[in-house]
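Hello,

Here is the structure for you to look through.

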Amino acid sequence: MNITRRNLLAGASATALAAPFGTAFAQKAEFTVKYGNNLPVTHPMNIRAAEMAAKIKEESKGRIDFQVYPNNQLGNDTDMLSQVRSGALDYFTLSPLILGTLVPAAQISGVGFAFKDYTQVWAAMDGDLGAHVRKQIAGSSTLFAFEKIWDNGYRQMTSSTRAITKPEDLKGMKIRIPPSPFWVSMFKAFEASPATINFAEVYSSLQTKVVDAQENPLAIIATAKLNEVQKFCSMTNHMWDGFWFLGNKKSFERLPADLQAIVTRNVNAAGLNQRADVKTLNDNLQADLKGKGMVFNNAEAEPFRAKLRSAGFYADWHKKFGDEAWAVLEKYTGKLV
Ligand code: X2X
């Protein structure tokens, strides 16, 4: 057949028309964006992120390729925070307390023993406290946070040396904490010996005894297999923690309004699903971890809260956050001191 330029072009345009619906060619996305996080692929964060990315691709008819990089593939939290600030990374999920190194006001959601239960947590984070923090993030950085914060859970203390039943058990304990001024101040108030280490290095730091303890919700202890290097788990519930789904403003603004709406809707919907998954896991993992050899104990909150109070922890952070923000927090938690 005499392939003239004319019928070659006719054939090409027919193929092109078919491509969006057919499987002839993988259509190159108009926008390729990268999302990074620090959690294992088996954690609900990544289960829901993969689902979210597929929905964004489908609803944008392939125009957005939302690439998920889990488990510190792009670097540790400190690395990814600088990447998303510069725009080298488009989206990043980060604890409000580590974000505190950039936006100090964001740390307010981690005040020790503040939220009695999830009813208080979501009323605050989906209400005026979350709105206050998101305003601070957008107003003082190149970032913004989507409305529905993703969940990490209530944090528990683990150790390879001894059970932590009362604040005195923390005296001098070499405990790993995430890189955040807030976590440093809390565990100094407990008279522990805190070491700030990015999550990417936690397992090896515990395995080589650089530190003897760490604190995290059960879903992270289990999915990161920290039970392999930690013997005791003390149910202290000393802090609720979440993950702001952060976006680089300039990157997001490059998307046309219809695609911005698709990303926003799916990030928030995935966050709500992830919350439900994390709560289910955190509520049900004790038996599983006990079966793997961890020794559990409950820990009364009041002695720990009293220790923080006597160390001036609440007064110091009330002063740092300011009366207005503290009043917003107490609107949901009740009087904290
Ligand atoms: O670093 C941690 O401990 C983790 C995984 O919980 C956070 O991202 C705050």
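**Two domains**

The centres of domain 1 and domain 2, taken over C-alpha atoms, lie 25 Å apart. Domain 1 covers 17-153 + 241-283, and domain 2 covers 154-239 + 290-333. These bounds come from an automatic or database domain assignment. This is a predicted model: local features need pLDDT of at least 70, side-chain atom pairs count only at pLDDT 80 or more, and totals for chains, interfaces and linings use all residues. Residues are numbered from 1 along each chain as its sequence is written, and side-chain values use heavy atoms, with hydrogens and water left out.

Contact means heavy atoms within 4.5 Å. By that rule, 40 residues of domain 1 touch 40 residues of domain 2. The two domains bury about 3,200 Å² between them, 66% of it on carbon and sulfur atoms. Buried area is the accessible area (1.4 Å probe) that two parts lose on being put together, summed over both.

**Helix pair**

Helix H13 (residues 313-321) packs against helix H14 (residues 323-333) at about 115°, with the axes 6 Å apart. Axes are lines fitted to C-alpha atoms over the stretch in contact, and angles run from 0 to 180 degrees between N-to-C directions. Helices are DSSP runs (H or I, at least four residues), numbered from the N terminus. H13 brings Tyr314, Trp317, His318 and Phe321 to the contact. H14 brings Asp323, Ala325 and Trp326.

Best wishes

Definitions and conventions
Helix = DSSP H or I, 4+ residues; strand = E, 2+ residues; numbered from the N terminus.
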